[in-house]
Amino acid sequence: MSDTPDSRKGDSKRRSPQNWPLDRLPGLRREDCQALERLGVRTTLELLDRTGRGDRTQALATQLGISTHYVRKWVALSDLARVPGVGCQYCGLLLHCGIISAAQLSQTPIHKLYPQIQRLHVATMQRKDLCPPRGQVLEWIQAARPFGMRR
């Protein structure tokens with residue numbers, strides 16, 4: 001699979017939202033992707049549009065016959081994945097660091113976020129050299145700013 005978003009090939013640093021096929025999100029099972037597809041939800045932006053705010057997340061979970069916990073997790077991953085540079089490669093890392101939205105990412109100081117990312121990355125990968133560089137994380141924070149007020 002390609003590392004570029006669905007229907008948005010090109011420079012990953014541009015400031016428009018990234019749209020990914022749902023099967024690219026970490027932790028989303030094939031069965032869940034198929035169930036979402038049957039409901040007309042195929043991409044991360046479609047999931048964000050479908051859930052919106054409030055009880056729409058609950059309604060989707062009910063339609064799928066699953067806990068809202070899972071749908072909220074997918075929404076958080078989709079929201080983070082739309083930030084240029086983060087995508088599906090790093091949205092799970094950010095979520096595990098406690099960042100649950102592009103809005104939160106846009107307001108998180110680099111001096112607090114980067115050490116968390118380093119600790120988690122080293123704890124899970126056992127290699128510090130694979131951790132994204134501080135400058136890249138700063139780019140994510142800056143790229144999230146235009147999306148911080150939307151959702």
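How many salt bridges does a search of the whole structure find? The search finds four, where a salt bridge is a side-chain nitrogen of Lys or Arg within 4 Å of a carboxyl oxygen of Asp or Glu.

This is a predicted model, in which local features need pLDDT of at least 70 and side-chain atom pairs count only at pLDDT 80 or more, while totals for chains, interfaces and linings use all residues. Residues are numbered from 1 along each chain as its sequence is written, and side-chain values use heavy atoms, with hydrogens and water left out.

**Salt bridges**

- Asp79 and Arg82 are joined through their side chains by a salt bridge, with an N to O distance of 2.5 Å.
- Asp79 is buried, at 4% relative accessible area, and Arg82 is also buried, at 6% (buried means under 20% relative accessible area, exposed over 50%, and partly exposed in between, with a 1.4 Å probe and protein chains only).
- Arg29 forms a salt bridge with Asp32 at 3.1 Å, N to O, and another with Glu31 at 3.8 Å, N to O.
- Arg29 is partly exposed, with a relative accessible area of 47%, and Glu31 is partly exposed at 46%, whereas Asp32 is buried at 11%.
- Through shared partners, the salt bridges join Arg29, Glu31 and Asp32 into one network.

**Packing of helices H7 and H8**

- Two packed helices are described by the angle between their axes and the distance between the axes.
- Helix H7 covers residues 110-125 and helix H8 covers residues 134-144; helices (H or I, at least four residues) are DSSP runs, numbered from the N terminus.
- The axes of H7 and H8 come within 10 Å and cross at roughly 125 degrees, the axes being lines fitted to C-alpha atoms over the stretch in contact and the angles running from 0 to 180 degrees between N-to-C directions.
- H7 is therefore oblique to H8, a term for angles that are not under 35 degrees (roughly parallel), over 145 (roughly antiparallel) or 65 to 115 (roughly perpendicular).
- On the H7 side, the contact (heavy atoms within 4.5 Å) is made by Ile110, His111, Leu113, Tyr114 and Ile117.
- On the H8 side, Arg134, Val137, Leu138, Trp140 and Ile141 make the contact.

Terms used. Helices (H or I, at least four residues) and strands (E, at least two) are DSSP runs, numbered from the N terminus.
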